[in-house]
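Work through the exercises below with the model open. Try each task before reading its solution.

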Amino acid sequence: MDKNSAALYKKIQTEVESYQNLQKSCVKMVKQRALLDSQLNENKCVLDELNLLGPDNKVYKLFGPVLVKQELEESRQNVGKRIEYISKELKSSTDTLARMEKDMQKHQETMAKYQQQWQVAAAMK
């Protein structure tokens, strides 16, 4: 293997490693996004249930092993804030995932370019 081929091989290996690391991160981000999505849906269901309650209904919150009475409006506000926070996190993870996919595409293009150069170099021998 001559110097050009060795250098090209090293570049290909580096790109493959970068791509694989990005792919692993992407898988983690997809799992995190799915978890956030399920939490968001769960909290929306809780808010819907709280909205069905009248002012005379009682709401309890679980603190460790103890149920503590909580005001209905306070419960609605807490769940609303949680929904808002989860929605922001979900948007952030979606944006991050989109950036990762673009980076993966760039790595694929770079790998294809290096592989073509490798093939041309091999054909010239």
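**Exercise 1: Fold and shape**

The protein has two helices and two strands. Helices (H or I, at least four residues) and strands (E, at least two) are DSSP runs, numbered from the N terminus. The model is predicted: local features need pLDDT of at least 70, side-chain atom pairs count only at pLDDT 80 or more, and totals for chains, interfaces and linings use all residues. Residues are numbered from 1 along each chain as its sequence is written, and side-chain values use heavy atoms, with hydrogens and water left out.

Task: give the order of the elements, then describe the overall shape.

Step 1. From the N terminus, the order is α-β-β-α.

Step 2. The C-alpha trace spans about 85 × 25 × 15 Å along its principal axes.

Step 3. Turn to contacts (heavy atoms within 4.5 Å). Take those with a separation of 6 or more: 75% join residues 24 or more positions apart.

**Exercise 2: The largest pocket**

Task: which elements each supply at least two residues of the lining of the largest pocket?

Step 1. Use the rule for lining residues: an atom within 4 Å of a pocket point.

Step 2. List the lining: Val46, Glu49, Leu50, Val59, Tyr60, Lys61, Gln70, Ser75, Asn78, Val79 and Arg82.

Step 3. Assign elements. α1 (3–52), β1 (59–63) and α2 (72–123) each supply at least two. The largest share, four residues, comes from α2.

Methods: 1 Å grid on protein atoms, 1.4 Å probe; cavity = no way out; pocket = protein on both sides within 12 Å on 5 of 7 lines; lining within 4 Å.
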